[in-house]
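The sequence and structure are shown first.

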Amino acid sequence: MSAATTSPMIEQQDGRDPGPAPRAWTGPVAAGIALTITGAAGATALAVAYRQAEWGQDGAFTWFWAGMLVFSLPAAYWAVRRDSSARLRLAVLIGYACFTYLPKLLRNPAGPLYHDEYAHWGQSQDIVLDGVLFQQNPIIRVIGDYPGLHATVASLATLTGVTVWHAALFVLILAHVLLTLGVAVLAGQLWPDPRIAAAAAIVYSLNSSFLYFDTQFGYESLAIGVMVWALAAALGAVRSTGTRARAGWSAVMLLLTVAITATHHLTALWLTGMLGLVAIACTVLKAPARTAWVLTALAGVSVATWMAAVSPRTGSYLEPYLGRALGQFSGLAGGSSGSRTLFSQSVAPWWEQYAAFAAPGAALIATAGAAVLWWRRRSVTDPVTRACSGAMLLLGALYFPATLLILTPSGAEGARRSWAFSYLGIAVATAPLIIALLERSRRRISGSGALLLAACALVMVGNTAAGMNPSYRFPGPPVFGADTRAATPELLAASDWLRETHGRGARLVADRYSGLIFGSYGEQEPTTGSESFPTYDLYLAKPGRPMPPALLAQLRDWRFEYLVVDRRMAEQVPEIKIYFETNEPIPHDGRPGFTRAQLTKFDTLPWLIKVYDGPHIAIYRFDFDSLGQRIRMGAR
Amino acid sequence: MTYRLLLVAYVGLAGVLPAGGRPWLAVPLCLAATLATGALWTRALSGIAAEAPIPAVRGGLAAVAGLITWPLIALILHAAGQPVRPIPLVIGCAVLVTLLGAAAILRDRRRSARRAAAKAGLPTQRRHDPGPLPAESSPDHDIDFPPPRRYVRTTAAVTIPVVLAVSVGGVTVRGYLNASRPAEPGYLSIALNGWAAAIDTPVTVPARGLVVPVRVSSAGLGTTTLPLRLRVGGRVVASRPMTVNADSVRSLTVYVPALPADGCLHPVDISVGDTSTGFYARGHAGSDPVGRTTAGAALTGPGVRPRAARAPEGRDPGVGRAPAKRRVAAAAERAAC
């Protein structure tokens, strides 16, 4: 262990644990056998859970959690066990990270499935086809400005000849493993105790984004893994006593920050904020703060430069998630309506829902305990550790106000997305408390150990339930209005037909779910509407009434070619209660938002040519030159 | 060590291009080059500490740095106006590897020189540690590389769980993918085909009528017989039963008879069962009032829209060429529809 990272708080030694040297192999062998067996059992249970869900049978949730916990709990035990060696902990954490990727891998092993995955997959595919970065993305407009993930995947795909999806899987699994190890390394920068490091990694893995959101083909999945390493490098720089070491860690941090900035806006902002917290804590707690401030400034300049020069629209993209959410939250506080009902019409079992409510409570108790421990040890801890762990406590404390935002329609998404970052603070801050509790008992499996494992299970179940809809987590029959079940054979065939007969890159108007397929597999450029370009008004117009002329002029000027109509909008309510976009002016009162006449009126408009039709999906071609023409019914 | 990393990186990069199209060869070469480049990053950047509590710092940093090397090279290529293609990527990475290698070698030499100077400055018998200076022994410490045996054990600690995870995960995924699945909902679709798929403006039907190609697809449904109907102006003008085989794609043509030369737009609708496709058409007068696309032109190249009939950028070629009088007459006719 290097002196620069040692702390007087806990004595630890050169990456090796004390323990009986003879028979040192028995622990790793026992762990290997136990975790291989439980891993195989867990993987089988996960596959059974997904098959149950696919066939619409009961028990999918039970099988799923049985599969997850049968491996996760023994892995957590081996990772924080007193007698485990440093390398055994490393091996267990790698195995744990690989296993926790399995739920997402089994969910869609062959191609994109989640809403954002379609966008990122299409973006990477475009780079492979055209070799050009910064292309506009039709599904999520801002992602073209952040090409880090797409360039990585496209580079590996084009160099090796594997498909974009397989290159992405490799990058994502590697990023997931690096994220898990990175949390351990980050905790190790504060407390050079391998048990604390392993405990931090395990606690972090309980956050709501760990199993599904940050494993999807999305820019955050790569960026957050790099961010944890950048933060670890920053703490290494802050701790370093020598100029060379400080410069080295700072250079690593800067390199990683540049990569994060080019990959994901939110992660880059969070990194800057976290560095700022460290700098503030160092200043307030009278630890050397100059390096922390310099690193914060460097990160801030990097992010600000990118957002100003490359992606000025990032602000307008992110603003609704926070600004509108705060407005709605203040409205709620003032007693106005408009709140969300949690787990409304959810198919999640009652125990998952209860666990979702209990998980923040457990996190609160743990964070409060960690704060008490931090306070009691403040005089025996070195100033940098005291300040940095204080910053982590503050970061973890941000988790709790964010849980309140989940009650607002606009804030729910932003709240969920923040938890992956604030949980980093909870994980690093509470890890010493966990080890301190375990240290109280000298028995191999103590009561407090069993209680902690049970708490881990509770928090993992609850956070996962709170973080992702069941339709994202489990397969099932095609459902209208669910991103993950949008790819029906009919829709895929329609998008294939359009690409084969009309080529790539046509601008078209579509609903959210058709847009996903046409914008990815179909390689077209769909728009699903917005406040400034309300294409949904085409669908909302009453039969026989004129269309909004300004909208038609916009469509004509911007060379839109096709209109896609999914007639299920007149028959069913979308499962996620969105037809086009989150702020659409369409009532969601449990009844379909459209009448059949609203959607079949296009058959009688002379400026729309119906070039394709299926049971639900129709494709019309715009002929704006025929606007205003009248048709004659009853030939001859 | 730096030379070995350079060798691995160069061999990997040199082998990737010829291995193109053979992923079983290109993937390990590319991974080796990526990891070696990442390791060179950690060597070139000074002051990275030895192993932390979890012995993953150097390996993890090398993996992270290797991974982000590709987007950084892609960004530089973009700034230089080069496409993200295999040859520019390999050249860019080779240049980066050379620069990193040079920096690492320079650092190694400086470190050796400092250690030699430190040894020379203090008699060996008076030093507490007669071996190499430990890392962090001075404020300006450098990397302390562990002995090879620890590399082997750490490599085993990384490799064994990865192999086990790939084995268990691979078997599970394969089993899951090969399992039977519920049948997906079937569909029957109809689409304009051939030249008709490119119709983007009203069609003028010639006096001899018009043959319209359509495509009928069926998937996930049984063989069925449905009425194939042609409607003009909402009235059924032709109908016959059509058998659609299961999981088939069928191309057929539908004859549209001549339309009255009244200058009006007539909706032409071709349906199989409840699904329908269609377009708008006019009857052919001796002289085309507005010079719209004619079926005669369309029929000259089945399956391909005649160039002469294609309107540039969506605009009708006839519009603007017709004399003003004829356009007024056409407008008057339309007003009468």
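## A buried arginine and its partner in chain B

Arg43(B) is buried, its relative accessible area being 8%; buried means under 20% relative accessible area, exposed over 50%, and partly exposed in between (1.4 Å probe, protein chains only). Arg43(B) and Asp108(B) join their side chains in a salt bridge, with 3.8 Å from N to O. A salt bridge is a side-chain nitrogen of Lys or Arg within 4 Å of a carboxyl oxygen of Asp or Glu. Since Asp108(B) belongs to helix α4 of chain B and Arg43(B) to helix α2 (residues 23–44) of chain B, the pair ties together parts that are 65 residues apart in sequence. Helices (H or I, at least four residues) and strands (E, at least two) are DSSP runs, numbered from the N terminus.

## Basis of the model

This is a predicted model, in which local features need pLDDT of at least 70 and side-chain atom pairs count only at pLDDT 80 or more, while totals for chains, interfaces and linings use all residues. Residues are numbered from 1 along each chain as its sequence is written, chains are lettered from A and ligands numbered from 1 in the order in which they are written, and side-chain values use heavy atoms, with hydrogens and water left out.

## Chain A as a whole

Chain A contains 23 helices and 5 strands. Of its 636 residues, 61% are buried. Among contacts in chain A between residues at least 6 apart in sequence, 74% join residues at least 24 apart; a contact means heavy atoms within 4.5 Å.

The accessible surface of chain A is about 22500 Å², and carbon and sulfur atoms account for 62% of that area. Accessible areas come from the Shrake-Rupley method with a 1.4 Å probe, and for residues only the protein chains shown count as cover.

## Salt bridges in chain A

Side chains of opposite charge can pair when their charged atoms come close. Over all chains, the structure has 22 salt bridges. One of them joins Glu117(A) and Lys104(A), at 2.7 Å from N to O. Glu117(A) lies in helix α4 (residues 115–130) of chain A and Lys104(A) in helix α3 (residues 86–107) of chain A, so this pair ties together parts that are 13 residues apart in sequence. Glu117(A) is buried at 1% relative accessibility, and Lys104(A) is buried at 2%.

Within helix α19 (residues 489–502) of chain A, Arg499(A) and Asp496(A) are 3 residues apart, about one turn of the helix. Their salt bridge has its closest N and O atoms 3.3 Å apart. Arg499(A) is partly exposed, at 24% relative accessible area, and Asp496(A) is partly exposed, at 28%.

## Aromatic pairs

How many aromatic pairs does the structure hold over all chains? There are 35 aromatic pairs over all chains. In one of them, the rings of Tyr204(A) and Phe210(A) have centres 6.1 Å apart and planes at 90 degrees, so the pair is edge-to-face. Rings of Phe, Tyr and Trp (its six-membered ring) pair if their centres lie within 6.5 Å; planes under 30 degrees apart count as stacked, over 60 as edge-to-face and the rest as tilted. Tyr204(A) is buried at 2% relative accessible area, and Phe210(A) is buried at 1%.

Tyr399(A) and Tyr423(A) also form an edge-to-face pair, with 5.3 Å centre to centre and 85 degrees between the planes. Because Tyr399(A) lies in helix α15 (residues 399–405) of chain A and Tyr423(A) in helix α16 (residues 411–439) of chain A, the pair ties together parts that are 24 residues apart in sequence. Tyr399(A) is buried at 1% relative accessible area, and Tyr423(A) is buried at 2% relative accessibility.

Ala415(A) is 16 residues from Tyr399(A) in sequence and 8.5 Å from Tyr399(A) in space, C-alpha to C-alpha. Not counting residues up to four places away in sequence, Ala415(A) touches Ala402(A), Leu405(A) and Ile406(A).

## An aromatic cluster with charges over its rings

Ring pairs link Tyr50(A), Phe61(A), Phe64(A), Trp65(A), Tyr212(A), Phe474(A) and Tyr176(B) into a cluster. Arg473(A) lies over the face of Phe64(A), 5.8 Å from the ring centre. Arg181(B) lies over the face of Tyr176(B), 4.7 Å from the ring centre. A charge sits over a ring if NZ of Lys or CZ of Arg is within 6 Å of the ring centre and within 35 degrees of the ring normal.
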